[in-house]
Amino acid sequence: MTAKVVTVASGKGGVGKTTSVANIAVALASRGQKVTCIDGDIGLRNLDVILGLENRIVYDLVDVIEGRCRLRQAMIRDKRLPELYLIPAAQTRDKTAVSPSDMVRLCDELRQEVDWIIIDSPAGIERGFKNAIAAADRVLVMTNPEVSAVRDADRVIGLLDAEEKGPAALVINRLDPAMVKRGDMLSVEDVLDLLAVELIGIIPEDENVIVASNRGQPLALDGKSKAGQAFQNIARRLMGEQVPFMDLESQNLFQRLLGRK
Amino acid sequence: MMAFLFGRKKSANSAKERLQLVLIHDRTDMTSAELNSLKDDLIETISRHIEIDPTAVTINVAQDGRSQRLVADIPLRTLGHRRGRESGRAVG
């Protein structure tokens with residue numbers, strides 16, 4: 001087995017990186033892939049709570065890097081999907097506890113064990129971001145259809161080109177088709193015109209994302225919500241499948257009610 | 001509704017137009033003041049060799065995918081024996 005390392009980055013905070021990492025990892029694992037996700041946000045760990053695995057943490061990423069435990073010991077197995085693992089971030093340390101070469105070494109060891117390594121980058125473009133992309137074969141850049149998120153995504157895409165980690169693939173998160181329709185939100189086409197990169201996913205705004213994070217059960221686990229389907233589609237595209245983008249305009253009241261818990 | 005009544009531009013269009021300018025400056029690390037100073041230098045240099053109409057010179061950063069292109073339109077001043085208006089276009 002030789003894993004593909006995929007890093008999710010954004011520049012701006014709060015655009016949905018952690019949610020996406022959890023859901024893409026869950027979607028890949030639900031398709032029979034062996035997946036390990038790594039929380040790269042040292043000091044501000046959150047991937048554990050989104051995945052509902054916060055009570056199982058014994059060792060973390062920094063413990064592995066500093067040799068206090070073996071890699072296997074820091075890999076927390078998911079409750080629902082036996083082929084999904086999480087390596088949590090350390091909560092009481094900062095980004096300088098890890099270097100880009102540490103990440104490369106760790107991922108090289110892990111590559112033999114799994115099909116996919118999904119890394120959650122912290123916000124920003126400093127050390128944490130550099131750590132998160134060091135081992136990446138592919139970087140997904142998350143944005144929202146909103147000026148500051150698009151601007152920061154552009155900066156990250158430029159940095160990835162400069163670091164020879166490009167071309168980045170874009171995920172547009174929290175798209176509200178009704179707002180786009182009335183001209184009050186940048187459309188997918190607008191964002192692609194501005195950023196000029198390949199698109200790999202469009203996630204519609206979906207209340208179920210909050211419900212799922214409340215419960216620690218990523219919504220890609222159940223196929224009913226639009227956002228969950230959108231994450232499943234990203235997973236399929238990562239696996240090399242040609243999947244058409246969902247028609248978000250056609251979401252009627254009936255579908256909305258079905259999608260809601 | 002208010003926007004409709006007053007014929008105001010859709011906010012998504014404002015967002016796109018503003019971002020287009022911001023991204024050009026972010027990517028080239030050049031402010032519009034610096035661009036203007038480049039334009040002045042360009043006019044001065046070209047004027048030493050050929051007569052141009054300095055008021056009609058335009059200089060812009062155009063986007064070509066993720067790469068930027070400096071596009072200058074420099075109309076030449078017509079001499080007596082020339083017919084019509086000629087313009088030189090420099091792309092760099």
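This passage looks at where two chains meet and at a few residues within them. The model is predicted, so to speak of local features a pLDDT of at least 70 is needed, side-chain atom pairs count only at pLDDT 80 or more, and totals for chains, interfaces and linings use all residues. Residues are numbered from 1 along each chain as its sequence is written, while chains are lettered from A and ligands numbered from 1 in the order in which they are written.

Chain B puts 15 residues into the contact and chain A puts in 14 residues, where contact means C-beta atoms, placed from the backbone, within 7 Å. On chain B, the side touching chain A has 5 nonpolar, 4 polar and 6 charged residues. Here Ala, Val, Leu, Ile, Met, Phe, Trp, Tyr, Cys and Pro count as nonpolar, Asp, Glu, Lys and Arg as charged, and the others, Gly among them, as polar.

Val61(B) sits in strand E1 (residues 58-64) of chain B; strands (E, at least two residues) and helices (H or I, at least four) are DSSP runs numbered from the N terminus. Neighbours within four places in sequence aside, Val61(B) is in contact with Ile24(B), Thr28(B), Gln68(B) and Leu70(B). Val61(B) is partly exposed, with 17 other C-beta atoms within 10 Å; buried takes 20 or more, exposed 12 or fewer, and partly exposed falls in between, with C-beta atoms placed from the backbone.

Arg174(A), in strand E7 of chain A, is buried because 22 other C-beta atoms lie within 10 Å. Asp29(B), in the loop between helix H2 (11-28) and helix H3 (32-49) of chain B, is exposed, with 7 such neighbours inside 10 Å.

Methods:
Two residues are in contact if their C-beta atoms, placed from the backbone, lie within 7 Å.
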